[in-house]
Amino acid sequence: MAVTNVQEPALQHLLEHARQAAQNSYSPYSHFRVGAALKLNSGEVVTGANVENVSYGLTICAERCALVRAVALFGPDIRIQAVAVANLNDAPSPPCGACRQVLAEFIEPEAPVLFSAADGLRCMPFSDLLPLAFDMKLK
Ligand code: THU
């Protein structure tokens with residue numbers, strides 16, 4: 001799914017999954033409720049929500065929650081074809097830097113990533129969000 005048009009029905013569908021997932025956010029500290037939805041190459045959609053912790057630093061973002069769920073459910077060969085991130089706070093929420101690096105492990109570089117930005121919904125290829133991702137190229 002290499003399109004980056006925010007109106008693309010498949011992306012809007014993924015965004016709806018992300019919004020639904022945000023309903024399950026555990027965010028008593030920030031009250032910032034985030035959901036993420038990953039479309040896998042198998043066609044499966046896997047969602048996640050942010051899960052906060054009283055120690056703050058152990059908080060798990062919605063994107064990483066979705067990613068570890070996807071691997072646990074479907075195994076280490078998954079490839080992510082598209083991502084949508086939503087929040088229920090009517091605020092911008094592009095994936096944080098840590099989540100970008102973690103997604104880089106399993107995502108196609110051209111995969112569209114849909115998120116809300118200050119100027120509204122944005123969609124861009126993953127490689128534009130994280131150019132030059134760290135990669136040891138040992139393979
Ligand atoms: N958060 C995410 O879920 N995804 C991101 O990419 C950035 C931030 C969460 C973490 C925390 O629970 C809340 O948003 C406020 O930072």
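Modeller: The questions below take up labels used for this structure, one after another.

Modeller: This is a predicted model, in which local features need pLDDT of at least 70 and side-chain atom pairs count only at pLDDT 80 or more, while totals for chains, interfaces and linings use all residues. Residues are numbered from 1 along each chain as its sequence is written, and side-chain values use heavy atoms, with hydrogens and water left out.

Biologist: How do you know that the span of helix α1 agrees with its 14 residues?

Modeller: Helices are DSSP runs of H or I with at least four residues, strands are runs of E with at least two, and both are numbered from the N terminus. The expected span of a helix is 1.5 Å times one less than its number of residues. For α1, residues 9-22, that gives 20 Å, and the end C-alpha atoms are 20 Å apart, so the two agree.

Biologist: What about helix α2, with its 13 residues?

Modeller: Helix α2 covers residues 62-74 and should span 18 Å; its end C-alpha atoms are 18 Å apart, so this helix agrees as well.

Biologist: Which residues of α1 are called buried?

Modeller: Buried means under 20% relative accessible area, exposed means over 50%, and partly exposed is in between, with a 1.4 Å probe and protein chains only. In α1, the buried residues are L11, L14, L15, A18, A21 and A22. They cover an arc of only 115° around the axis (taken from the directions from the helix axis to the C-beta atoms), so they lie on the same side of α1. On the other side of α1, P9 and Q20 are exposed.

Biologist: What covers the buried residues of α1?

Modeller: The cover includes β1 (34-40), β2 (45-49), β3 (80-87), β4 (112-117) and β5 (120-125).

Biologist: Why is V34 called buried?

Modeller: V34 has a relative accessible area of 8%, and the limit for buried is under 20%, so V34 is buried. This residue lies in strand β1. Contact means heavy atoms within 4.5 Å. Not counting residues up to four places away in sequence, V34 touches A22, S25, G48, A49, N50, A62, V85, A86 and N87. V34 and C61 are 27 residues apart in sequence, and their C-alpha atoms are 7.7 Å apart in space.

Biologist: Why does A70 count as buried?

Modeller: The relative accessible area of A70 is 0%, so A70 is buried. A70 lies in helix α2, where the other buried residues include A62, E63, C65, A66 and L67. The buried residues of α2 pack against β1, β2, β3 and α3 (97-104). Leaving aside neighbours within four places in sequence, A70 is in contact with L38, L40, V46, G75 and I78.

Biologist: What makes N53 partly exposed?

Modeller: N53 has a relative accessible area of 28%, which means it is partly exposed. N53 lies in the loop between β2 and α2. Leaving aside its neighbours within four places in sequence, N53 is in contact with Y29, L58 and T59. The C-alpha atoms of N53 and Y29 are separated by 8.0 Å, although the two are 24 residues apart along the chain.

Biologist: Why are H31 and D90 called exposed?

Modeller: H31 has a relative accessible area of 53%, so H31 is exposed. D90 is at 80%, so D90 is exposed too. H31 is found in the loop between α1 and β1, and D90 in the loop between β3 and α3.

Biologist: What is phi in H31 and in D90?

Modeller: Most residues other than glycine have a negative phi. Phi of H31 is near 60°, a positive value in a residue other than glycine. D90 has a positive phi of about 55° and is not a glycine either.

Biologist: Which residues line the second largest pocket?

Modeller: A pocket is found on a 1 Å grid over the protein atoms alone: an open set of points with protein on both sides within 12 Å along at least five of seven lines, and lining residues have an atom within 4 Å of a point. Here the lining is L15, R19, V85, A86, N87, D90, A91, P92, S116, A117, G120 and L121. β3 gives the most, with three residues.

Note on methods: On a 1 Å grid over the protein atoms alone, a cavity is a set of points where a 1.4 Å probe fits but cannot get out, and a pocket is an open set with protein on both sides within 12 Å along at least five of seven lines; lining residues have an atom within 4 Å of a point.
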